Amino acid sequence: MYYGKIKNCDIANGPGVRVTLFVSGCTNHCPNCFQPETWDFEFGSEFTDETLEEIIGLMDKSYIKGLTVLGGEPMEPRNQVELLPVLEKVKNRLPDKNIWIYSGFTYEQLKEEGTYCRTEVTDRILEIADVLVDGRYVDALKDLRLKFRGSSNQRIIDLKGSREADRIQLLDL
């Protein structure tokens, strides 16, 4: 897995101050994407054990609320396999921090057997993450008043609440 950028003090991609990882690679190619350079799966730098330690070090501060993973597309099948151990290590070492994932794929696509984006590790990623912001960016639905999303079709899903209720639970932020 490659990544384009790590932000150590992000307030735009989830509540509170966050560390943000922009993974590389995306096949969605949303028109007017704000980072089309991240569509290339080899954009930026290779993600290594040192990269993970850097992220954990940045997150291990009392004012950091959590980790946000976006891109590119973290839920691309070829990214999921390498992303899973990253999320597991972050959650194990920093259990009080939350994890947000942004994906152009919808929750339903990620859960449905046989879809392009579903892999053998998708359910585990969705179990570890706390929040999924789902749905492709749609320029015609752009709304600058929305918190933590670019277009009104995108949802902010409470993953734990959704599992407990056995239906999608949205966060009202």
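Predicted model: local features only at pLDDT ≥ 70, side-chain atom pairs only at ≥ 80, totals over all residues.
## Sheet arrangement

The model contains an open sheet of 7 strands with mixed pairing, in the order E3-E1-E2-E4-E5-E6-E7. Strand E3 (45-46) and strand E7 (155-158) stand at the edges; each has a single partner strand, so one side of each lacks a neighbour in the sheet. Strands of a sheet pair through backbone hydrogen bonds, in either the parallel or the antiparallel sense.

Two of the pairings involve E4. E2 and E4 run parallel and are joined by 7 bridges.

## Burial of strands E4 and E5

E4 is mostly covered, with 7 of its 8 residues buried. For E5, the count is 6 buried residues of 6. In a regular strand the side chains alternate between the two faces of the sheet. On one side of E5 are Asn98, Trp100 and Tyr102, and on the other are Ile99, Ile101 and Ser103; all of these are buried, and both faces of the strand are therefore covered.

Ile99, located in strand E5, has a relative accessibility of 0% and so counts as buried. Its C-alpha lies 5.8 Å from that of Thr68, although Ile99 and Thr68 are 31 residues apart in sequence. Leaving aside residues up to four places away in sequence, Ile99 touches Arg18, Leu67, Leu87, Val90, Lys91, Ile128, Ala129, Asp130 and Val131.

## Nonpolar cores

The largest nonpolar core has 36 residues, and Leu21, Leu67, Leu87 and Ile101 touch the most other members. At least two residues of this core come from each of the following elements: strand E1 (2-10), strand E2 (17-23), helix H1 (49-59), E4, helix H2 (77-93), E5, helix H3 (107-111) and helix H4 (122-128). Another core, of 8 residues, lies apart from the largest one and includes Trp100, Val133, Phe148 and Ile156.

Beyond residues up to four places away in sequence, Leu21 touches Tyr3, Lys5, Ile6, Phe47, Ile55, Leu67, Thr68, Val69 and Leu70.

## Largest pocket

The largest pocket has a volume of about 670 Å³. Its lining comprises 32 residues, and Phe34, Tyr102, Tyr137, Gly150 and Gln154 lie nearest the centre of the pocket. By residue class, the lining divides into 14 nonpolar, 11 polar and 7 charged residues.

Strand E4 (64-71) and strand E5 (98-103) each supply at least two residues of the lining. Tyr102, one of the residues nearest the centre of the pocket, is also one of the buried residues of E5.

## Positive phi angles

Most residues other than glycine have a negative phi. Asn32 has a positive phi, near 65°, and is not a glycine. Asn32 is found in the loop between E2 and E3. With a relative accessible area of 55%, Asn32 is exposed.

Phe148 also has a positive phi, of about 60°, without being a glycine. Phe148 is placed in the loop between strand E6 (131-134) and E7. The relative accessible area of Phe148 is 16%, under the 20% limit, and this residue therefore counts as buried. Phe148 is among the members of the 8-residue core.

Not counting residues up to four places away in sequence, Glu46 touches Met1, Tyr2, Tyr3 and Thr51. Tyr3 is also among the residues that Leu21 touches.

Glu46 and Asp143 are 97 residues apart in sequence, and their C-alpha atoms are 34 Å apart in space.

Key: Residues numbered from 1 in each chain as written. Heavy atoms only, no water. 1 Å grid on protein atoms, 1.4 Å probe; cavity = no way out; pocket = protein on both sides within 12 Å on 5 of 7 lines; lining within 4 Å. Points joined across faces, edges and corners; volume = space filled by probe spheres on them. Helix = DSSP H or I, 4+ residues; strand = E, 2+ residues; numbered from the N terminus. Nonpolar A, V, L, I, M, F, W, Y, C, P; charged D, E, K, R; others polar. Core = buried A, V, L, I, M, F, W, Y, C linked by side-chain atoms within 4.5 Å. Buried < 20%, exposed > 50% of the residue type's maximum accessible area, 1.4 Å probe, protein only. Contact = heavy atoms within 4.5 Å. Pairing = 2+ DSSP bridges.
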